[in-house]
Structure formats: C-alpha cells, structure tokens
Amino acid sequence: MTQWTITTLRIGELYLPHGGGIMRDPVHVWLVRGEVDGRQRNLLVDSGMSDIPVIRQRLKVGGVGGGHTALIAGLAAEGLTPDDIDTVIITHLHFDHGENLDLFPKALVVVQRQELFALIDPVPTQRPYYWKSTALHLVGRKPSELRLLDGDHDYLPGIRILSVPSHTEGMQVPIVTTAKGRVALVSDLGDHYRYWFPTDPRATPNPQRSLTGSFLTGNIRSESERDWQRAMHRVMDSTDIVIPAHDWRIPMRVPEQWFAIPDSMDGDISHQPPEPEAASA
Ligand SMILES: [Zn+2]
C-alpha cells in the first residue's frame, strides 16, 4: 500500500461576516504525494479560489491571496509547477475550492457527477457560490481530463473517495492513507474543528454537551441535517484524523504533524479580525 504524504498549501484568506464582526478564514489546497508502481504521483485536493478582486466584486467579501499567483507560488515552494500535478480531486465546486482549473490542462480532474449538476443548477441559496468560470473550465476539458464519479470510489491504493452529500449535493471527501494512519480531507463537510468535536473545549469555545456523540453542522447546506450528520459519522468511521478546510490550526505536513484535535483554541473563529489596511487590500 502506498503511504502518502500530505502538504497543506495556504493560498489565501477570506474575510467573512460573522456575528456582527469579521472572521478570517484561511483557504487551503492539499498536495498529496506518493509512489504508485514506481511512478511518482502528485495529486492536488481542491484547486483553490479566484483572485480577491474578483471575489470582492461578486460577493462583497475581502481577503488576501488566491488566484493563479498564490497557487503557483505554493507549488513552487514544494519544487513543483502546475504541470507536475497529475490529478486534481475536487471536494465540491464552490468558488473557494474549484477555481483555477485552467492551470492544470493535463491533469485528470475528479469530481462527483452530482456536483457538476449542482454547479450548473444549484439549490437557490447556493447560487452565489457556484461560478460560471468554474463551469467553463470544467466542461471545457477533454473527456480524458475529467472523471465524473457516481458515489464512493477507490481512486488509487491508499486513496479512497467517499461521497457525502451535505454541504453540497456532490460533496466528496478523500481518505488518504499515510505512515501514521488515515487522513480525511473533509473540506467544508465541517470546515473547522469545532464542527467535528463540538463538546471538546480544545476544539470550541462553546462546548455543547447536547451534541455528545454527534456533530455540529453548517448553515450552507443542500441536504437535511440528518443527512449531514450521517455523512460526518461515515467519514469518522473511515478515518483516524480529519483536516477541515478553513481552520487555522490544521497540520501543514502529515504525517510529520499528527493530531486529531488541536491542543489550543488559538486560531479558531476568535482569530483576530484583519487590520484596517489589510481589510481593504
Ligand atoms: Zn470553503
């Protein structure tokens, strides 16, 4: 069995309205590297967000980073160019997870068939998050550069993809086997640790006893809360640790860093709001 390594690339931040203030959410993609049958494989999980000026124009949301520049720089820091990426697994096609696919014309893009339909005709409340640019870069690919999945799929030895409709209709979560155990790149199925560990004071400033044995679910959803809970249980039953998409505390290198729950609240939603000049950057 291939033992994969995972490197987190932090490609920017979004400044989102939260409880009357502004929450800084980091935006990540993950580089998954390993050798299969003597061949080096470089996979990317998610392809990130657009440039901030585009996001600000469309969603009235600020931030830093994003676009081709941040992604190319992140890969370069790991000694890679976009051409070295052979596969891009997209968890879901929202603007902060599935943009920039034009950077990877030779890679195989792997996404749920249901998510492509969601991109073209989303539930009405998610229309702002699915962008035409994402659709054009996806459907403009050659058939050999796009694989649409119908449910769970063993993609490579040690990389299993779970279909978990919840946040979006075609949400999927790759489970990656490393030297220390299995890692679920859960994306926005629970985008901060507090969703996964809602009773644990290390994960959340407001532990909720009533959620013992279950999870916190998000507001942006295409499915029922019961479906979302079921999806999180299914992922938890299939993995050793989870890595949420928008938490500041996630490990940057796995398996070198290995933890199920961070040991400090530093970096949860209480993360400092941006300085005024950064906010207008
Ligand atoms: Zn997201």
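Guide: First a term: a residue is buried if 20 or more other C-beta atoms lie within 10 Å of its own, exposed if 12 or fewer, and partly exposed in between, with C-beta atoms placed from the backbone. Strands (E, at least two residues) and helices (H or I, at least four) are DSSP runs, numbered from the N terminus. In strand β11 (residues 181-187), five of the seven residues are buried.

Visitor: What kind of model is this, and how are residues numbered?

Guide: This is a predicted model, where local features need pLDDT of at least 70 and side-chain atom pairs count only at pLDDT 80 or more, while totals for chains, interfaces and linings use all residues. Residues are numbered from 1 along each chain as its sequence is written.

Visitor: What is the mean pLDDT of the protein chain?

Guide: The mean is 93, and 95% of the residues reach 70 or more. The pLDDT is the predictor's confidence in each residue, from 0 to 100. Over residues 277-281 it is below 50. Where pLDDT is low, the predicted coordinates should not be read in detail.

Visitor: Back to β11. Which strands does it pair with?

Guide: Pairing here takes at least two bridges found by DSSP between two strands. Strand β10 (residues 172-178) pairs with β11 in the antiparallel sense over four bridges, and a hairpin of two residues joins β10 to β11. Strand β12 (residues 241-244) runs parallel to β11, joined by four bridges.

Visitor: Which residue is the bridge partner of Val176 in β11?

Guide: Val183. For Ser187, the bridge partner in β12 is Pro244.

Visitor: Now helices. Which residues of α4 are buried?

Guide: In α4 (residues 132-139), Thr134, His137 and Leu138 are buried. They cover an arc of only 100 degrees around the axis, so they sit on the same side of α4. That arc is taken from the directions from the helix axis to the C-beta atoms. On the other side, Lys132, Leu136 and Val139 are exposed.

Visitor: And what covers the buried ones?

Guide: The cover includes β6 (108-112), α3 (113-120) and β7 (146-149).

Visitor: Where is Pro207?

Guide: Pro207 is in the loop between α5 (193-196) and α6 (225-237). Pro207 is partly exposed because 15 other C-beta atoms lie within 10 Å. Leaving out residues up to four places away in sequence, Pro207 touches Pro198, Thr199, Asp200 and Pro201; contact means that C-beta atoms, placed from the backbone, lie within 7 Å.

Visitor: How many helices and strands are there?

Guide: The protein chain has seven helices and 13 strands.

Methods
Two residues are in contact if their C-beta atoms, placed from the backbone, lie within 7 Å.
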